[in-house]
Amino acid sequence: MGRKDSVWSLGDGQPPEDIDKQIETPPLSTLLIEKPQGGSITVGGDITFIAKVEAKDLLRKPTIKWFKGKWMDLASKTGKHLQLKESFDRFTKIHTFEMHIIKAKENYAGNYRCEVTYKDKFDSCSFDLEVKGVCSPTHQFTISTETCTGIKVILSQEDAGELDFSGLLKHREPKQEEAPEVDVWEILKNARPDEYEKIAFTYGITDLRGLLKRLKKTKKEEKKSEAFAKKLDPAYQVDKGGKIRLIVDMADPTVDLKWYKNGQEIRPTPKYIFEHKGTQRILVINNCQINDDAAYSVTAGEEKSTTELFVKELPIKIVKELEPVKTTVNERIELECEVSEEGAKVKWMKNGVEVPTGVRSRYRVKCEGTKHWLIIDDAIKEDTATYSLMATGGTTEARVQVDLKPLKILQDLQDITIKLGQPMKLHCEILPVNVPGRWYRNGQLIQPSERLTILHRAKLEVESCTLHDAGDYTFVPEGYSQSLSAKVHIIDPPRVHLEALNAPDNTVTIVAGNKLRLEIPISGEPAPRVVWMKGERVSRTGIDVNVCVRVRAETFPDHTCLTIDVTEREDSGNYKIVLQNEAGEDTASVKVKVVDIPDAPGAPLVPVVGGDWCSMTWDPPYYDGGSPILGKHTLEACTYCLVICQVFMQLGMFSSTSLTHCFWIIYATPGTKIQAVQLVLMVLIIYLSLDYIPEVFNLCVRIEEVWGENVALDWTPPKDNGNAPITGYTIQKADKKTMEWYTCVEHYHRTCITIGELVVGNEYFFRIFSENMVGLSESATTTKDSAVIVKEGMHLKNPEYIDYDFTEAPKFTQPLINTFAIAGYNASLNCSVRANPRPKVIWMKNKITILDDPRYRMFSNQGVCTLEIRKPSPFDGGVYTCKAINELGEAQVDCKLEVKGQSM
C-alpha cells in the first residue's frame, strides 16, 4: 500500500542501501558555542533553529548536518518547506548555521539533531519541535480533538510524493484509489512495542517517535486491571554493570506470572532472580549489560504489563596510568594500563596514530580483566615515541625511549699484509652481535660483488686480491659513533720485463759516440729499489753505474731507465739490474755492444823481394771496432811504385791525385826503393781498413711507366757499396720548370718504386741516392728522360643503384597482453607482427601447438594476429604463445590468460 502524504516536497530520499549503514561517530568534543533550542509552533507557522561555532582555532569551515529522528538527513529535503543557511562573521570569527521550517505541518513535530565535525573533533545537540493546532483536511494527519476517546488519522493523496518513507526502500507509484480511514493510534495503542515499526511502515508514518510522545500526552481512559494492582512503569534505566528491580503489585496473589524479554520467557538464573514480597512480584536483573537493553513484559492470565529497560554504558576510566619506559634495542617492552571495566575496548596510539596489531605486526596487545598491555618483543631504535591508550572516559600516555646498547669490541680489526692474488679476510667481533654495519675502503662504501663478499655483517672476504684492494678499511656499526679500522697492505714480488726490450739475446748494439737510452719495464708492490751494475759482482769487478757522471740511472713507477750520453768503447759489457722490495728480489742482465772504427793494423813486413814482385805480411788491428774486419788486400811489390799504384787504381781505391802523392812519397823518401814501397803499402793498407761512403757509379735509373698521376721507377744497385751493405735509397723529384729537388721517399730498401700524387700537366725528373751505415752517397744518378703527367679527358660514369632489400625476419610490434576472461564469454588474444616474406603463424597453449580445435579460431590480417577462444572455462587458462616463422628467422610472444567463474 503506497503512502498518501509526505512532509518535505523537494529532493530525493536517502538511498535504501545507506539506511542500514552504521554511522561512525568521531570522539566527542566541544565545538558548538550556541546550540539550537527546542520550540513549539502552530500548524502553518514558521520557525528557525540556530547553531553557532567559534572558528578561532579552526583552519577551515566545519561540517554541519541536520537530522530528523535517527537517520533522516535533511540536506536532501531542502525546498519550499525547509531551508538551510550559513554565514561567517570575520570580526567575531563565528560560523552561524540556520535551519528554517516554513509553513509547518503537524507531522513536522519530532526530535531533531544537529551534528558538527572538524577533523577529529565532534559535537552534537538534540532538540524537539512541537506543532500545535488542528491540521486542515489537506494535510497528512487529521486529528480530531472534539472527543477524548481517540484520535483519527486520515490518509490523503493531495501531498503524495513529498516524503515517501516506504519509497526510501522501494520506489512505488502512488495508487489513485482512495484509502479508507484508519485509526492508527488505536492500532498503536493496542500493539506490542516490537510491532511499532511494522505498523509505521505499513501506514507510512515517518515520525513514529513523535507520534508515540503525543500519544502519551493524550488523556486515556484506563481500564482497571483485574490481575494487577500496579503495573510496571513505562520505562526503567540502569547503569551498565548495575542491578535493577522490576516490581508489580498483584490484585490476586494466586495468579501465576510469567516474565518475558523481547517476547521470550525468562527462566530463573543467577542473573535473573524472582522475588515475592506480599502482593509484590519482583524481577531482579544482576550485572546489567548492553544486551539486557530490551522490552520486558509480565503476564498474569490474559492481562499483560510491559516496560522498556535502558542500560546506560558508563565511560571507561583509567585506573592505572601508563608509566614511561627507557630501554635498549632488542629488549622487550611492556606498557601496562588498568581501566575501570573488564573487557573494555581501548585504542593504543603511537604519536597520535593507531598502532597496527595484525598478524604480521611487531606490536601485540594483551588483555586480562581490567588490565591491558602493549608488548614489543624486539625493540628497535624507531620504537622511540609517545604511546597512549584511549578509552571512552579518558586517555593516558607515556614516553618510550629506546637507546642503543653500549658497543663492546671483543676483537678489533687487525692490519694485514698479503701477497697479490691471495685471498683476504677481515673479521671483527662486537657486542651486541646482530648490530648491522657498513664497510668502507678509503672512505668509499663497499658494495658486495662476485669477488667480494660480506658475511655476518662484520666479516669481509676477497677471493683474489688486486692492487686496488689495498687501503684503509673501516667497519661502522649502524647507529654508533664508534668505528673499527685496519690497514691492508698488498705486496707483489719485483719483476724485470726484458721481453719489452725486443732485442735478440738481450744484446743492444750501438755506434760509438751516439746516445744510449735503455727503458726496461718493471713491476712490484711496493715500488722496488733499483740498482744498475756493470759486471757480475759489485765488490770486485762490477762498477755501480748510479755514481758515474756520464752514465745515469733513473727509476719511475713502472719502468727503469739507463742513459749513456756519449757511448765509448769501454761502455761495452754486461749490465745487471737488481730489484728489491719487502716481497722479494729479482735480477736481469742486458749486454751492451759499442761498435767503432777499428785500429790500424800492424807495420807491414817485406820478407822476400823478387825481381818484379815482393811478399808482404802484417798483423791485424788490436781493436776491430766491435765488428769483424770486412776485407784484406795482398799487394805485390814491384820495383817501381807505378805498378803498385796502378793496381790500386784498378781497384778503384786511388784517384789521380793519390797516385801523384804516391810518386812523391817514393822519390822523396830517402833510402832504398824497398823502404819506399813499404811506406806506400803501409799507407794504402791503412786506407783500405776504413769504411767509406759508397759511390753511385754504374747506378742506372729509368722510368718504366707513366699513367695518370703516377710514375714507376726502376734502378740497379751500385757496384761500389762503400765496403758496407746498402741499407736504403733516397728518391727525389724536380719539376722541369724550377728544377728544385724535393725528397719523396727516404730509407727505401727495394730497387723499384711508384711515385704518386704528381701534378697534372707538369714534367718531372727523378734522382736516387744510395745509403749505407756511414751515410748517403755524395752524388745521385738522375733519369735521362723526363716524365710528363698528361691531363686525361673526363668521362661521365652513370651511377649504379642497388635495389633495396625489403626482406625482414619476423618481429612483433605489439606483444600479447595478460588477459582476464569470464567463463562462458568469448575471449580474444591479439598481437601484431612485421615480416617479409609473409610468416607462418602458430598458436600454442602451454608450449603445445593448437591444431584443429573447434574451440579456437585463428585470424591473421595485415600483420594482426588474433586467437579467439569460444566460451572458455577455467581449464582454458594458461600461457598462450604466438610464434611467427619465415625463411629469415622466427619470433614469439607469450601472455597469461586467467579465466574466472561467473559470479552469482
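Strand β53 pairs with strand β54 (residues 781-782) in the antiparallel sense, over two bridges. Strands here are DSSP runs of E with at least two residues, numbered from the N terminus, and two of them count as paired if DSSP finds at least two bridges between them. The model is a predicted one, in which local features need pLDDT of at least 70, side-chain atom pairs count only at pLDDT 80 or more, and totals for chains, interfaces and linings use all residues. Residues are numbered from 1 along each chain as its sequence is written, and side-chain values use heavy atoms, with hydrogens and water left out.

Let us stay with β53, which covers residues 763-771. Opposite T781 in β54 stands I768. Strand β55 (residues 787-788) also pairs with β53, again antiparallel and over two bridges; there, E763 stands opposite V788. Strand β50 (residues 728-735) is another antiparallel partner, joined to β53 over eight bridges. One place to look along that pairing is A734, whose bridge partner in β53 is F765. How many of the nine residues of β53 are buried? Seven are, so the strand is mostly covered, where buried means under 20% relative accessible area, exposed means over 50%, and partly exposed lies in between (1.4 Å probe, protein chains only).

S388, in strand β26 (residues 385-391), is buried because its relative accessible area is 9%. Leaving aside residues up to four places away in sequence, S388 touches L322, K347, W348, M349, T395, T396 and E397, a contact being heavy atoms within 4.5 Å. K277 belongs to strand β15 (residues 272-277) and has a relative accessible area of 49%, so K277 is partly exposed. The C-alpha atoms of K277 and D249 are 9.5 Å apart, although 28 residues separate the two along the chain. V433 sits in the loop between β31 (429-431) and β32 (437-441); at 64% relative accessible area, V433 is exposed.

The largest nonpolar core has 28 residues, and F49, W66, M99, I101, Y112 and L129 touch the most other members. Strands β3 (47-54), β4 (63-68), β7 (94-101), β8 (110-118) and β9 (121-132) each supply at least two residues of this core. Such a core is a set of buried Ala, Val, Leu, Ile, Met, Phe, Trp, Tyr and Cys residues joined through side-chain atoms within 4.5 Å.

Finally, the charged pairs. Side chains of opposite charge can pair when their charged atoms come close. With a salt bridge taken as a side-chain nitrogen of Lys or Arg within 4 Å of a carboxyl oxygen of Asp or Glu, the count comes to 34 salt bridges. In one of them, K320 meets E336 at 3.8 Å, N to O. This pair links distant parts of the chain, 16 residues apart: K320 is in strand β19 (residues 318-320) and E336 in strand β21 (residues 333-339). K320 is partly exposed at 31% relative accessibility, and E336 is partly exposed at 25%.

R517 and E519 form another salt bridge, with their closest N and O atoms 2.9 Å apart. R517 is partly exposed at 42%, and E519 is partly exposed at 42%. In the salt bridge between R855 and D853, the closest N and O atoms are 3.5 Å apart.

Note on methods:
Helices (H or I, at least four residues) and strands (E, at least two) are DSSP runs, numbered from the N terminus.
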